[in-house]
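Please keep the sequence and the model in view while reading.

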Amino acid sequence: MTAVPALAVEDLSVEFRTRSGIVKVLDHVGFSVDKGETVALVGESGSGKSVTAFAVMGILDPAGKVTSGRALFGGADLLALSERDLAEQRGRELSMIFQNPRTALNPIRKVGQQIADVLVRHGGATRSDAPRAAVEMLKRVRIPDPERRVEAYPFELSGGMCQRIMIAIALACRPALLIADEPTTGLDVTTQAVIMDLIGELAHESGMATIFITHDLALAAEYCDRIVVMHAGHVVEAAPARELFAHPRHPYSAKLLAATPGETVSLAELASIPGGLPDLRRPDLPACRYSGRCERRIDDCTKPLPHRVVDERHVVSCWNPL
Amino acid sequence: MLKLLLSRLATAVPSIVGVVVVTFMLTRLLPGDPAAYFAGLAASPQAIAEIRTKLGLDKSLPEQFVGYIVDLAHGNLGNSLSTGQPVVTEIATRLPASAELTLFALILAVGIAIPLGVLAAVKQGTWIDHLCRIVTTAGVSLPVFFTGLLFAYVFYYLLQWAPAPSGRLDVFLSPPTHITGFYLIDSALTGNMEVFWGALRQLALPAISMAIFSLAPLARMTRGSMLSVLGSDFIRTARASGLAPGTVVFTYAFRNAVLPVITVLGMVFSFLLGANVLVETVFAWPGIGLYAVNALITSDYAPVQGFVLTMAVLYVALNLAIDLLYGLVDPRVRLDS
């Protein structure tokens, strides 16, 4: 634990200005990812997983504003960098892949060129070398017949192939950190496993840290070292995957686990989590944003959230943990 | 690509046939009797009948139609009744005047509208975006003949900056050697700068009035299309890959956004062909629009038919060009064909 983490997000708050008011999407979010480690950000839709990633990458929608926090990466605070300096880092030091690989690729540009664009931009190859380097990348992501596939357009490839292309673009410059935002959503189950294995292998090969954003706890447990549970813009619990599964401490994590199909639970036994996310536009948001749905609510829950350290690697933000 | 070209050409054939039939019917069914018109006011019924026989107007409609088709197959569009010249020759000499005016106006419009639309989308909500909105609103609300008249009044009559709205060249200058029929190009090619500037001065007002009109839909579509593309997933990918802003805006966003702009460009070009008729009348421009108006007023069939047919062929050629352009920009279109 003495090593400097690959990425340390501290105290990150993000607001979105909308017509119906200011939405406090992220509230003092903090977590870290060690070098070579794979961390899952889990939570239901709208919990702020993707926004966290976008804020770190500096590609938030113009309506979104970072109001506090730091994202320490390679000795610099990404949130304090100018757009110009951050663009230098993006795609070279930290990369991101997205859900729906088909729409995430430029539809009218050959996939080889799209890989080459990133290589040329970050000095990974010269214009003349780039086509050969693109073929190399396709080989690395195990695309059969790479010489022919570099000439293909995204619409000529399957969803799984497109996601491999996305991975090739993201890893072209061998980044230190990869953020994978629901990379397997929209792919069929067998392809999901293949893509996850591929990301895992490539990360392992290069010692790259990976943040894996998902709402699928089972997938997170299978591929990740540590899990960070988010709810309504708060980090509610962070723990090693195994421990979180065995002893969830936050009531929300426990409910989330109960809602996850596994080997021992049948579909009929799955429990849904009562209630929904609170309206984040409310000016009087409770200190604990889960308290409205929580069965273990006590009087203390109106006080600012605590950070209870269960052990060195297990932290929970709850006044009345399990 | 060749397959696409051939299939598009094949679909053009029925439209041309339709136009041939419609032009024939339309001119025959229009009110006004050309025989009576040409015989003059004091003509006797016999004289009118004589002229009618001479023009072949006494025959039945099907007979006239067959004759028309046969002539058409020989590249003969008939003779103008008022000038006695073959319509083909007259259209051929007048078409470059209209083409030069329309193309110049279009290039002007595209040259302003596309950068304006792109900038307005990239810098949404800034002064350039507001400027774009003002220009597009003004552009659509000013009809071409009105801007034309206004310009002629202000810049010729009041300020005397522009030459008299009296055609393609000042009467004291002689046209350049005929190469393309475009005065600007021909005079530049022959190095005749005096004629070049003279032609440009004459061209400026009618071309600008047409450009203002066509600028609005182009700028609006460019802005809207750019905005929607800039919000799409692959732009986020491009930004997440750290690509330079120029690459993101032009190579990634603009090339995708240009597709609907091309469609609008085709429509604008069609509008301009129609607007020609009005602008040429205002500026006494010796193009085919003015020719058609004069022919229509005198119930002169042949030139009207010739004009409509020429326009139809131009429209078909234009749509073909747009389809091919689409295929060039978007690989998915190539596959569909």
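In chain A, strands β6 (residues 94-97) and β7 (residues 177-181) pair in the parallel sense over 4 bridges; two strands pair if DSSP finds at least two bridges between them. Helices (H or I, at least four residues) and strands (E, at least two) are DSSP runs, numbered from the N terminus. Leu94(A) has Leu177(A) in β7(A) as its bridge partner.

This is a predicted model, in which local features need pLDDT of at least 70 and side-chain atom pairs count only at pLDDT 80 or more, while totals for chains, interfaces and linings use all residues. Residues are numbered from 1 along each chain as its sequence is written, chains are lettered from A and ligands numbered from 1 in the order in which they are written, and side-chain values use heavy atoms, with hydrogens and water left out.

In a regular strand the side chains alternate between the two faces of the sheet. Both faces of β6(A) are covered: Leu94(A) and Met96(A) are buried on one side, and Ser95(A) and Ile97(A) on the other. Buried means under 20% relative accessible area, exposed over 50%, and partly exposed in between (1.4 Å probe, protein chains only).

Helix α5 (residues 130-140) of chain A also has buried residues, among them Ala130(A), Ala134(A), Leu138(A) and Arg140(A). The buried residues of α5(A) pack against α4 (111-121), α6 (146-149), α7 (159-171) and α8 (189-206) of chain A, where contact means heavy atoms within 4.5 Å. Just after α5(A), Arg142(A) takes a positive phi of about 60°.

Chain A as a whole has 11 helices and 12 strands. Its radius of gyration is 20 Å, close to the 20 Å that the globule rule gives for 322 residues, so chain A is as compact as a globular protein of that length. This radius is taken over C-alpha atoms, and the rule is 2.2 Å times the number of residues to the power 0.38. Of the 322 residues of chain A, 52% count as buried.

The largest pocket has a volume of about 1,200 Å³. Of the 40 residues lining the largest pocket, the closest to its centre are Ile59(A), Leu60(A), Asp61(A), Pro62(A) and Arg239(B). A pocket is an open set of points on a 1 Å grid over the protein atoms alone, where a 1.4 Å probe fits, with protein on both sides within 12 Å along at least five of seven lines; lining residues have an atom within 4 Å of a point. Grid points are joined across faces, edges and corners, and a volume is the space filled by probe spheres set on the points. With 5 residues, α2(A) gives the most to this lining.
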